[in-house]
Amino acid sequence: MILDKIVEAKKQRLTQHKARVSEIEIRHLAENYQGDSPSFREALVKSGISIIGEFKKASPSVGKMNNKLKFADRIEDYNASVDAISCLTEEDYFGGNIDDLKEIRKLSTLPMIRKDFMIDEYQFYEAKAIGANAVLLIVAILDDIQMKDFYDLTKELGMDALVETHNETEMERALKLDAEIIGVNNRNLHDFTIQLDTTRRLSKMAPEGKIFVSESGIVSDKDVKFLKESRVDAFLIGRAFMEADHPRELARHWKGLD
């Protein structure tokens, strides 16, 4: 499964990160971070649909993105239209790196989530040190003990966690964790097909008071209307914005759809 390959590659990359900046140093940088800390959670609880605009250079399913905008122009568009920004920092399969997030942080005051395959405490301190306000916890790659420890660490560092699920079993584990923000990835991790009905199906399990996020495969008006019929608080949208000529206009259009 591609997920296993990504995690193995991440383990190798972590060795490189720790060689450049030691674990002791990264903890010090995180604990002494002086930048603004806008709330990712608060950005998603306002009335109406919130949108998390993603920055990513590639993905295993589509390859390199057909990016239509310069970096600074994209972030300017996001600043004017979305509620939070997601930045892919995974190097080998998504073409990302932590420098992308650092640069976005210089250009935006919006809450930012570091989207990566988080498997080591080091990454959480690193996320805080580079200006992230939230991190992604993928239920499929963590056991219950890891997930609880990482969730608690995220909170200790003053960040939020988007806990990502793909099926009913993972949803039950996220609810057992009492996660505040639960995401559903519509992409099947085995064959990378998209099934938007995954969000609708799992939304029935989400209790009131939880923030519910739909991720992946949102590319058209039809998709947006379909998902708005479920109890969804926010969309995380990547490819559609990365390949749009005017992501600002697209985000505003989708927010206004009934």
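Student: How do the axes of helix H2 and helix H6 cross?

Tutor: Two packed helices are described by the angle between their axes and the distance between the axes. In this predicted model, the axes of H2 (residues 23-31) and H6 (residues 121-129) cross at roughly 40 degrees and come within 8 Å. That angle is why H2 counts as oblique to H6. The crossing of H2 past H6 is left-handed.

Student: Which residues of H2 and H6 meet?

Tutor: From H2 they are Glu-23, Ile-26, Arg-27, Leu-29, Ala-30 and Glu-31, and from H6 they are Glu-121, Tyr-122, Tyr-125, Glu-126, Lys-128 and Ala-129. By class, this contact has six nonpolar and six charged residues, and no polar ones.

Student: How is the largest pocket read, and what is its volume?

Tutor: Rolling a probe the size of a water molecule over the atoms shows where empty space is left. Here the largest pocket holds about 490 Å³ of space. Its lining has 32 residues, and those nearest the centre are Lys-56, Lys-115, Asn-185, Arg-187 and Ser-216.

Student: Which elements give two or more residues to that lining?

Tutor: They are helix H1 (2-20), strand S6 (134-138), strand S10 (234-237) and helix H11 (239-242). H1 gives the most, with three residues. By class, the lining of the largest pocket has 19 nonpolar, seven polar and six charged residues.

Student: What volume has the second largest pocket, and which residues are closest to its centre?

Tutor: The volume is about 200 Å³. The second largest pocket is lined by 14 residues, with His-166, Asn-167, Asn-188, Leu-189 and His-190 closest to the centre. By class, its lining has three nonpolar, eight polar and three charged residues.

Terms used:
Residues are numbered from 1 along each chain as its sequence is written. This is a predicted model: local features need pLDDT of at least 70, side-chain atom pairs count only at pLDDT 80 or more; totals for chains, interfaces and linings use all residues. Side-chain values use heavy atoms; hydrogens and water are left out. On a 1 Å grid over the protein atoms alone, a cavity is a set of points where a 1.4 Å probe fits but cannot get out, and a pocket is an open set with protein on both sides within 12 Å along at least five of seven lines; lining residues have an atom within 4 Å of a point. Grid points are joined across faces, edges and corners, and a volume is the space filled by probe spheres set on the points. Helices (H or I, at least four residues) and strands (E, at least two) are DSSP runs, numbered from the N terminus. Ala, Val, Leu, Ile, Met, Phe, Trp, Tyr, Cys and Pro count as nonpolar, Asp, Glu, Lys and Arg as charged, and the others, Gly among them, as polar. Axes are lines fitted to C-alpha atoms, for helices over the stretch in contact, and angles run from 0 to 180 degrees between N-to-C directions. Angles under 35 degrees count as roughly parallel, over 145 as roughly antiparallel, 65 to 115 as roughly perpendicular and the rest as oblique. A crossing is left-handed if the near helix is turned anticlockwise from the far one by less than a right angle, and right-handed if clockwise. Contact means heavy atoms within 4.5 Å.
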